[in-house]
Structure formats: C-alpha cells, structure tokens
Amino acid sequence: GAGVSQTPSNKVTEKGKYVELRCDPISGHTALYWYRQSLGQGPEFLIYFQGTGAADDSGLPNDRFFAVRPEGSVSTLKIQRTERGDSAVYLCASSLLGQGNSPLHFGNGTRLTVT
Amino acid sequence: GNSVTQMEGPVTLSEEAFLTINCTYTATGYPSLFWYVQYPGEGLQLLLKATKADDKGSNKGFEATYRKETTSFHLEKGSVQVSDSAVYFCALEPIQGAQKLVFGQGTRLTINP
C-alpha cells in the first residue's frame, strides 16, 4: 500500500520567502509527526498531531514555523520569512495510534534549500 | 537532558565482516531505544527496538542489547552484505510510547564486495 508521501521532494527558495511543505500520511493513521534533519545530523522533532490538533509543538524553533492538519489527514508545514539556516530535509512520519506499539512510518522528506 | 551519541562514520567494511556501530545515550527515566536505517533513496525505517534493560532487539541479522549499566545500545551484525550499505541512526524515546524521538547523528555504512 501507499506509504507516507511528501511533496515537493525538493524546494529551492530565496531568503525571506514563504514556503509550504505537504505531508500525506498513511490512510487511517491518527498520529502525524514533523522532524527536521540538517546536513550530517539526525532528525530533530518539530511537532506532533493527534487527529487535527497539535498535541506537542515544543520542537518548533520559532514563530516563523507553523503546521496545520485541518481534517486530521494531510498536514502542511509552513515557514515564513525563510532564512538560510532553515535549509534542511523536512521529514514527516505517521503512526496508527501515536503510541509506542504502532511503529512510525517515515516519508522520504522534502529537501529545502534557502538561497 | 536527553541525547544520543553514535560512532562517527563513515564506516567501510568488506562483505561478510563483523559489524559494530556504537551508541550511547543520556536520558532521565527509562527510555525505549531504537535503531533506524535509511537506505539510499528511501525513507527512515525501523530496524529494531528494545524497551527495557537487558532486552535484545533483533531484525535482519542485526542485534542490539539495551545496557542500562553502560547506557549503551550498540548495533551488531555477524556477517554484513553489500545490501546493508545505508545510514544507521540510534534513537531514544524519552517517554515510552510518546514517539517523540531523539536521534543520534547517524553512521554511514558502506559494504564493499
């Protein structure tokens, strides 16, 4: 079956611009996570949704970052006034229940480059 | 705080060699521990996990044992194959079940035929 789908796979934008990154989780998965992976580093947690609500947004680095999941399925990560330091691979993951016994399924990520 | 430190890469081995990738962690409480693998062009996949001290996780010939006394979760495989070439990430889940993972920096493994 279909896995977690992220679009676009690559995004190049200029400093100061606004970008949106999309995540389509596995159908029926209630939990959705965003992580950010900088070059040479492991993924870092950004935000977690259970259904439509953000259950934990403690990893968002500042108020330029925002994410929504209005219908409890597709999620969009929004970055305002992008900076060169935002360049990274943004990973989305979903799980059936958001609990330890339902494994996380990761997408291939969106590589964001801010020039 | 919570953190994971992995053996620096890249690691290059010949086929059928023995593999160890070291991982140590710092955590409060009783975390779950994981190894994830990222094959070229693919997303992160769970390789194995352990949820309590002395548990051994295993999958595809890989093993790792949760050692609370040494705060370690080293990944081992007795005989590697070219298809094992990938980036391996050690991770911990500070609050069991919350799936808010803390990852190490990753170790790139290349297996030569």
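Author: Let's start with a word we'll need: a residue is buried when it has under 20% relative accessible area, exposed when it has over 50%, and partly exposed in between (1.4 Å probe, protein chains only). Strands here are DSSP runs of E, at least two residues long, numbered from the N terminus. Keep in mind that this is a predicted model, where local features need pLDDT of at least 70, side-chain atom pairs count only at pLDDT 80 or more, and totals for chains, interfaces and linings use all residues. Residues are numbered from 1 along each chain as its sequence is written, chains are lettered from A and ligands numbered from 1 in the order in which they are written, and side-chain values use heavy atoms, leaving out hydrogens and water.

Now look at strand β7 of chain A, residues 65-68. β7(A) pairs with β8(A), residues 75-79, in the antiparallel sense over 4 bridges; strands count as paired if DSSP finds at least two bridges between them. One such bridge joins F65(A) to I79(A). The two strands make a hairpin with 6 residues between them, and G72(A) in the turn has a positive phi of about 75 degrees.

And the rest? A nonpolar core is a set of buried Ala, Val, Leu, Ile, Met, Phe, Trp, Tyr and Cys residues joined through side-chain atoms within 4.5 Å. The largest has 26 residues, with W35(B) and F73(B) among those with the most contacts inside it. β10(B) gives the most to that core, 4 residues.
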